[in-house]
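Subject: Structure handover and notes

Dear colleague,

I am passing the structure below on to you. My notes come after it, for you to check against the coordinates.

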Amino acid sequence: MRYSEMHLPTLREIPSDAEVISHKLMIRAGMIRKLTSGIYSYLPLGYRVIRKVEQIVREEMNKAGAQEVFMPMVQPAELWEESGRWVHYGKELLRFRDRHERPYCLGPTHEEVITDLVRNDVKTYRQLPLNLYQIQTKFRDEVRPRFGVMRCREFGMKDAYSFDADEEGAQNSYEKMFKAYNNIFRRCGLRFRPVEADSGSIGGKYSHEFMVMADSGEDAIVFCEKCSYAANLEKAEIAQPAKKNIPEKDMLPLESVHTPNARTIEEVSAFLKVKPENIIKTLIFNADGHPCAVLIRGDQEVNEIKVKNYLGAGELELADDEIINKATGAPRGFAGAVNIKTRVIADYSIMNMINFVTGANKQDYHLKNVNVGRDFQVEAYADLRVVEENDSCPRCAGKVKFARGIEVGHVFKLGTKYSKAMKAVYLDKDGQEKTMIMGCYGIGISRTVAACIEQNHDDQGIVWPVPLAPYHVIITPVNVNDKSISDVAENLYNKMQDEKIEAILDDRDERAGVKFNDADLIGIPLRVVIGQKNLALNKVELKIRQTGENKLIAVDEIVNEVKEYVNKVFSSAE
């Protein structure tokens, strides 16, 4: 492509509304332009990168036995009502009515549509397993779109759905997709890590997120130094401690203490002169309309997702003042487990505590020397807190550490969440009706592009890995008005075209510095510079964007040098 013919409106200034590096550089490099809040147009350079991600995804999905389909973005409400998500999905689901007043939504995902498609066509076990995927536009009405295409409202996504006859088949489908995802992100040239994750609103009981490692990542990743364990912060597990027998003789007498205006852990700690780790927080939750008290050590934070999953609740929120008063007989801030009128579950962190402080279920009072067993009973202990750095790994004796990452893919074992609700059934070998077992596998295409930039950039601009680069090489004649220079540039450009090397010829009548800055900004991996001084030696300069290395190469060898460099990168990623 000739630079003079490209629609490539680069910018020198940083956009005022851009918050993260990828957003700033995608706008400055002429990749995207904002249409309205959370909705972007992709310009030619940006769309080339999108198509490259899509091609890698297609190749690996096809290799794994998945078949490509294309489903409507507009979805009828009755399908979502069947699955139960029409009400529960929330305001991110953009609902509207057509001219006949029939309700529809713009698809944020396609579980309902694909389940409807398969249930109508698949009737027998002989038609299973089945894995269908699409690359399509999604719409989620984010309350506050931000970070450019990292968290926008309209975005490109690959979503696949597997249907199996039994759990063994479902596990096999999951493992195929897990392997395919590893291949995809490796071929994209990204540093990534698959981590255990919570399934969220999609459903299912088992899932992995694929995280691109980046210091600017919005998600915390927990990983073990000694073994392969990794999870996101929501999912990261705490190893269960061994239960100790606490002799009753070590338990001090229960004592009620007047604590005027001391409600928070910090206030109670200062008033009673005890450390926060010697205080128990009693949090009252409303789980599907039923109250539940959750106990956790005062210096730690409850993980509401873990609580919700443990209770099997569809909806979970902190209880309001009325529920708290009914359960404790006191206002907010003085709850404790002794004589509380609700079920009590406790985090592992209090399992071996002795003589601790809790609320007294009485305004302006707390209890000292409280002990489990003697003063109250716990229904069950569970992992209910947020993991902290240097906690013990749940898989080995190592310590966990934190890193930052950007989620670009997610694989789920859905089970029968949708197929049961929507009656996606088949006949087995004995003619018995069985429910299909499903899996769901998503990749954010546009998000992958942004994550790549977050991971690969410097002060000058983007540093594309070769597999995702919009072009592999930019040929830069320093003076297009010098015929000897421009002739060599044209000749090299034509040869690279013949060799199927993706090249830009910067044929603009601009200063060399402007051309160099633009090449660095848009992040082309290789730059061939043609100047009179080196040309007199029958050589050109080859600059490698990633390393900054400069090499002088003979004119008649430069095409092969570029080709070998590109091919080597692609072969190492296979």
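The notes below go from the whole chain to its domains, then to single elements and residues.

Overall picture

Please keep in mind that this is a predicted model. The chain holds 15 helices and 31 strands. Taken along the principal axes, its C-alpha atoms fill a box of roughly 95 × 65 × 50 Å. Of the 574 residues, 52% are buried. Among contacts between residues at least 6 apart in sequence, 68% join residues at least 24 apart.

Domains and cores

Three domains are assigned: domain 1 (3-237 + 402-453), domain 2 (248-382) and domain 3 (471-573). The centres of domain 2 and domain 3 are separated by 68 Å over C-alpha atoms.

The largest nonpolar core has 60 residues, and M31, Y181 and W464 touch the most other members. Helix α2 gives the most to this core, with seven residues. Residues of the core come from both domain 1 and domain 3, so the core lies between these two domains. Another core, of 26 residues, lies apart from the largest one and includes M71, L79, F163 and Y418.

Strands β1 (residues 32-36) and β2 (residues 39-42) pair in the antiparallel sense over four bridges, with R33 opposite S41 in β2. They form a hairpin with two residues between them, and G38 in the turn takes a positive phi of about 75°.

Helix α2 covers residues 44-63. Its 20 residues reach 28 Å from first to last C-alpha, close to the 28 Å expected at 1.5 Å a residue. The buried residues of α2 are L45, G46, V49, I50, K52, V53, E54, I56, V57, E60 and M61. As background, residues three or four places apart in an α-helix point the same way, because there are 3.6 residues a turn. Note that K52, E54 and E60 are among the buried residues of α2. Just after α2, G65 has a positive phi of about 95°.

Strand β24

Strand β24 (residues 437-444) is largely enclosed by the rest of the structure, because eight of its eight residues are buried. Both faces of β24 are covered. I437, G439, Y441 and I443 are buried on one side, and M438, C440, G442 and G444 on the other.

Strand β24 has antiparallel pairings with two strands listed here. With β8 (residues 154-164) there are eight bridges, and D159 stands opposite G442. With β21 (residues 400-415) there are six bridges, and G409 stands opposite I443.

A five-stranded sheet

An open sheet of five strands has the order β16-β14-β15-β17-β20, with mixed pairing. β16 (316-318) and β20 (380-382) are at the edges with a single partner strand each, so one side of each has no neighbour in the sheet. Neighbouring strands of this sheet are turned by 35° against each other on average, direction ignored. Strand β17 (residues 343-347) runs parallel to β20 and is joined to it by three bridges; I345 is opposite A380 there. Helix α8 (residues 304-311) lies across β14, β15, β16, β17 and β20, at about 130° to β16.

E19 lies in the segment before α1 (21-28). Leaving out residues up to four places away in sequence, E19 touches K24, R146 and F147. E19 and G398 are 379 residues apart in sequence and 36 Å apart in space, C-alpha to C-alpha.

D520 sits in helix α13 (residues 512-522). With a relative accessible area of 9%, D520 is buried. Beyond residues up to four places away in sequence, D520 touches Q460, G461, I462, R527, K543 and R545.

Regards

Notes: Residues are numbered from 1 along each chain as its sequence is written. This is a predicted model: local features need pLDDT of at least 70, side-chain atom pairs count only at pLDDT 80 or more; totals for chains, interfaces and linings use all residues. Side-chain values use heavy atoms; hydrogens and water are left out. Domain bounds come from an automatic or database domain assignment. The expected span of a helix is 1.5 Å times one less than its number of residues. Buried means under 20% relative accessible area, exposed over 50%, partly exposed in between (1.4 Å probe, protein chains only). Two strands pair if DSSP finds at least two bridges between them. Axes are lines fitted to C-alpha atoms, for helices over the stretch in contact, and angles run from 0 to 180 degrees between N-to-C directions. Contact means heavy atoms within 4.5 Å. A nonpolar core is a set of buried Ala, Val, Leu, Ile, Met, Phe, Trp, Tyr and Cys residues joined through side-chain atoms within 4.5 Å.
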